[in-house]
Amino acid sequence: MTETKTQLIVPTEMQMKPVSDNVFLNKESFEHAQRVAKMLSQSDLVPVTFKGKIENCLIALNMAGRIGADPLMVMQNLYIIHGKPAWSSTFLIATLNASGRFSPLRYEENENEGGSCRAVATDLKSGERCEGIWVTMTMAKAEGWSDKTGSKWKAMPQLMRRYRAATFFTRQFAPEISMGIHTQDEVEDIGYTVVDSKPLTASIMDEENDTPNEQQ
């Protein structure tokens, strides 16, 4: 059975140079990226974090070029929390599936430990079956994810297990896709609050040492 390879289509004027030709190190690429960033910063379609901020748009363009994604999609799915970026889980899954390196991500689930899930896929080059780490409700409780007020782990545990399983899979087998950046759900679970539709900041911080209040 022939598998269809899905690709993210980037408009010609927004296409970036390969990773080896970093926009910050090559004059021609940097000047082109500046023009694109200026255009994007003036668009009503970009989030507030990027609106009127050429420098933020330029960084987003560089990140989009590094993972081979559409720049506007990166901007719409990148959250800035206390100066640090975080991806939306759905964007990370879509980017992994569109990379062409694996078969579409699927999930194995059972009722062990209050419900558990892991992400699985096939490496299309080697044919190897790749199995992610099991995510369980026991893990969620031990890490404190499910105990927070308003936690999505209580309202939609199956979806949260899948999101976290996909995140772990990406970190295991394709860390370059996430670029080492956490997802929004992960950041919320360790003690930050993400605020939508306005400049995004962390609301729970240790004022003395300026570090997140993480559960140990």
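1. Two strands pair if DSSP finds at least two bridges between them. Leu78 has Trp87 in strand 2 as its bridge partner. Two residues sit between the strands of this hairpin, and His82 takes a positive phi near 50° there.

2. A word on what you're looking at. This is a predicted model, in which local features need pLDDT of at least 70 and side-chain atom pairs count only at pLDDT 80 or more, while totals for chains, interfaces and linings use all residues. Residues are numbered from 1 along each chain as its sequence is written, and side-chain values use heavy atoms, with hydrogens and water left out.

3. Now the overview. The protein has nine helices and eight strands; these are DSSP runs numbered from the N terminus, with helices being H or I of at least four residues and strands being E of at least two. Of its 216 residues, 41% count as buried. Buried means under 20% relative accessible area, exposed means over 50%, and partly exposed is in between (1.4 Å probe, protein chains only).

4. Contact here means heavy atoms within 4.5 Å.

5. Next, the inside. The largest nonpolar core has 41 residues, and Val74, Trp87 and Phe169 have the most contacts inside it. Elements giving two or more residues to this core include helix 3 (71–76), strand 4 (116–122) and helix 7 (157–173). Helix 2 gives the most, with seven residues. A nonpolar core is a set of buried Ala, Val, Leu, Ile, Met, Phe, Trp, Tyr and Cys residues joined through side-chain atoms within 4.5 Å. As background, nonpolar side chains in soluble globular proteins tend to be buried together.

6. Leaving aside neighbours within four places in sequence, Phe169 is in contact with residues including Leu96, Phe102, Ala119, Cys130 and Ala174.

7. Trp87 turns up again with Val187. The two are 100 residues apart in sequence, yet their C-alpha atoms are 9.6 Å apart in space. Val187 is found in helix 9 (residues 184–189) and is buried, because its relative accessible area is 8%.

8. Is Ser41 buried or exposed? Ser41 is in helix 1 and counts as buried, because its relative accessibility is 5%. Beyond residues up to four places away in sequence, Ser41 is in contact with Phe50, Lys51, Gly52, Lys53, Ile54 and Cys57.

9. On to charges. The structure holds ten salt bridges, each a side-chain nitrogen of Lys or Arg within 4 Å of a carboxyl oxygen of Asp or Glu. One of them joins Lys51 and Asp44 (2.8 Å, N to O). Lys51 is partly exposed at 34%, while Asp44 is exposed at 70%.

10. Another salt bridge joins Glu176 and Arg101 (1.9 Å, N to O). This pair links distant parts of the chain, with Glu176 in helix 8 (residues 175–178) and Arg101 in the loop between helix 4 and strand 3 (106–110), 75 residues apart.

11. Arg118 and Glu108 also meet in a salt bridge (2.9 Å, N to O). Arg118 is in strand 4 and Glu108 in strand 3, ten residues apart. Arg118 counts as buried at 14% relative accessibility, whereas Glu108 is partly exposed at 25%. Salt bridges that share partners join Glu108, Arg118, Arg129 and Glu131 into one network.

12. Trp134 touches both Glu108 and Arg118, among others. Trp134 lies in the loop between strand 5 (129–131) and strand 6 (135–136), and counts as partly exposed because its relative accessibility is 29%.

13. Last, the surface. Phe24, Leu25 and Ile59 make a nonpolar patch of about 340 Å². Patches are made of residues with over 30% relative accessible area and no salt bridge; like charges are joined within 9 Å, and nonpolar side chains (Val, Leu, Ile, Met, Phe, Trp, Tyr) within 5 Å. Phe24 lies in the segment before helix 1 (27–41) and is partly exposed, at 41% relative accessibility.

Technical notes: Areas by Shrake-Rupley, 256 points an atom, 1.4 Å probe, with all protein chains shown as cover.
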